[in-house]
Amino acid sequence: MQTLTAPDPDCYGFNFDNSYLQLPAVFYKRQAPTQVTNPDIVIFNDSLGKMLGLNIEALKQQGSQFLAGNTICAGSDPIAQAYAGHQFGGFNMLGDGRAILLGEHITRGKQRFDIQLKGAGRTPYSRSGDGRASLGPMLREYIISEAMYALGIPTTRSLAVVTTGEHVYRDDAYPGAVLTRVAASHIRVGTFQFAATQNQQQLQALADYSINRHFPDIADTDNKYLELLKRVIELQASLIAKWMHVGFIHGVMNTDNMSICGETIDYGPCAFMNTYHPESVFSSIDTNGRYAFGNQPNIAHWNLVRLAESLLPLIDESQEKSIALVTESLNEYPGKFFAFWIAGMRKKLGIFNEEAEDIKLAEDLLMYMQKNHADYTNTFRSLGEDNLDGTELHQDAGYREWLARWKARLARQNETFDESIKFMQTSNPKVIPRNHLVEQALNAAVVSGDMSLLNGFLSVVANPYAEVNHSSKYTEAPEPLFDQQYKTFCGT
Ligand code: AMP
Ligand code: MG
């Protein structure tokens with residue numbers, strides 16, 4: 001394997017460990033990134049770099065070769081990870097076909113983060129793919145992942161995007177790019193599905209590794225593998241509820257795109273909903289709406305069943321007993337999801353205490369939004385403003401009655417109306433990365449090489465809840481026709 005020394009002897013503050021290599025060899029293949037001709041940093045995430053304790057000035061000035069995979073730091077032992085996955089319901093053996101894990105960076109605070117180069121060249125799992133990524137989709141992942149982080153939603157993050165100086169060929173020729181992705185880990189439901197196709201020892205090794213890395217507190221419990229499943233169920237129930245609260249549509253919730261540590265991962269054809277409708281789908285390949293907005297909680301459940309099936313041999317020697325145990329845990333998922341969802345909806349409605357009627361209150365608001373084609377984000381954010389206008393929603397007598405019910409509900413708690421409004425502002429974003437703005441920013445960056453729009457947009461979505469008087473272009477919903485025609489594509 002080709003290894004070059006990085007220009008910076010301290011490797012920009014990276015402190016690599018490679019604990020994944022302790023797993024049986026079937027779980028990865030050693031693979032160095034492919035050299036590229038002319039790396040150039042187009043965007044770098046200073047605040048993430050600082051959080052990781054990196055030498056960000058050195059990285060920004062001399063780090064393009066490293067961020068493109070042309071130089072490898074001492075301590076880094078690059079690999080491509082093996083995994084499988086159900087894609088749109090069909091099972092496939094996959095693995096990182098275009099992402100290379102440089103290693104795990106250990107911060108001074110002893111936190112461990114995977115540092116992965118996405119688009120870094122072919123690997124043994126590339127199948128017919130070129131191992132490459134183009135600039136638009138990598139910048140898209142950068143924008144949306146950082147916006148999700150700012151919204152307070154667990155997610156992988158983006159440290160940098162570099163262009164490679166080479167073209168990638170899709171429907172046309174595009175600038176090639178490499179994204180540096182930072183994640184708590186890249187262990188997916190699909191990694192367990194892959195392990196389940198191997199032998200029990202290997203499956204157990206992955207489960208033990210995952211417990212050690214993410215859930216060390218369950219290591220000494222009576223049935224730690226069942227506990228592992230329960231933890232992932234809990235984290236996913238919480239994650240998907242958070243997506244639902246902000247109108248995020250992942251777009252491709254295949255089991256290989258579901259991380260066991262509960263981070264949102266793999267930003268491909270994702271989108272944010274404008275007009276509320278549970279059947280909203282933007283992905284060009286999701287023709288049956290499998291991954292529609294309102295299906296996401298059920299799909300997460302389906303994916304968790306696949307995880308449970310993979311773990312069965314570890315949970316009990318008797319398959320029958322294993323099935324009974326995992327079934328009991330899986331059956332708790334809908335209730336857990338709903339509890340997270342309604343807790344978040346109460347916050348979105350400015351409700352501090354709990355009444356059974358809150359469920360109907362939340363559901364009725366959604367019903368009126370759907371009926372009147374209302375914007376999901378702006379409806380919540382402007383609930384407390386007493387300025388009913390000519391929109392369909394505000395003209396609906398049922399909605400006006402709903403508003404009176406909501407105000408009566410707020411009166412049945414100790415907090416004042418103003419306190420409710422402040423509370424609501426912490427969970428109803430004023431700005432989200434609306435699809436039309438994302439596309440405008442990407443277009444300027446990719447077609448004209450102009451990053452100013454994208455940088456301006458990023459600084460706005462980095463502070464989504466603040467009551468700032470942004471230009472209305474950031475808060476206005478697009479014309480309904482935009483959403484009807486808008487399609488997102490997998491970032492290949
Ligand atoms: P995704 O749809 O991004 O989750 O990718 C699904 C699978 O296809 C993963 O195994 C990827 O690594 C692989 N893949 C996607 N794009 C490419 C590419 N250009 N070259 C090789 N493999 C790819
Ligand atoms: Mg993927």
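**View 1. The Cys11–Cys73 disulfide is right-handed, because the torsion about its S-S bond is about 70°.** The model is predicted: local features need pLDDT of at least 70, side-chain atom pairs count only at pLDDT 80 or more, and totals for chains, interfaces and linings use all residues. Residues are numbered from 1 along each chain as its sequence is written, chains are lettered from A and ligands numbered from 1 in the order in which they are written, and side-chain values use heavy atoms, with hydrogens and water left out. The S to S distance between Cys11 and Cys73 is 1.5 Å. A disulfide here is a pair of cysteine sulfur atoms within 2.5 Å. By this rule the count is 1 disulfide. Cys11 sits in the segment before β1 (16-17) and Cys73 in the loop between α3 (64-67) and β4 (79-81), so the pair ties together parts that are 62 residues apart in sequence. Helices (H or I, at least four residues) and strands (E, at least two) are DSSP runs, numbered from the N terminus. Cys11 and Cys73 are both buried. Buried means under 20% relative accessible area, exposed over 50%, partly exposed in between (1.4 Å probe, protein chains only).

**View 2. Cys261 has Cys270 as its closest cysteine by sulfur position.** The sulfur atoms are 18 Å apart, too far for a bond. Cys261 is buried, with a relative accessible area of 13%. Cys270 is buried too, at 1%.

**View 3. Ligand 1 is surrounded by 18 residues (a heavy atom within 4 Å).** The closest are Gly95, Gly97, Asp130, Gly131 and Asn257. By class, the shell holds 2 nonpolar, 8 polar and 8 charged residues. Ala, Val, Leu, Ile, Met, Phe, Trp, Tyr, Cys and Pro count as nonpolar, Asp, Glu, Lys and Arg as charged, and the others, Gly among them, as polar.

**View 4. Side chains of Tyr83, Asp130 and Asn257 reach polar atoms of ligand 1.** An N or O atom in the Tyr83 side chain is 3.5 Å from a ligand oxygen. For Asp130, a side-chain N or O atom is 3.0 Å from a ligand nitrogen. A polar side-chain atom of Asn257 lies 3.0 Å from a ligand oxygen. Taken alone, ligand 1 exposes 480 Å², and the protein buries 86% of that. Accessible areas come from the Shrake-Rupley method with a 1.4 Å probe.

Note on methods
A polar contact is a pair of N or O atoms within 3.5 Å; within protein, one must be able to donate a hydrogen and the other to accept it, and residues adjacent in sequence count only if both atoms are side-chain atoms.
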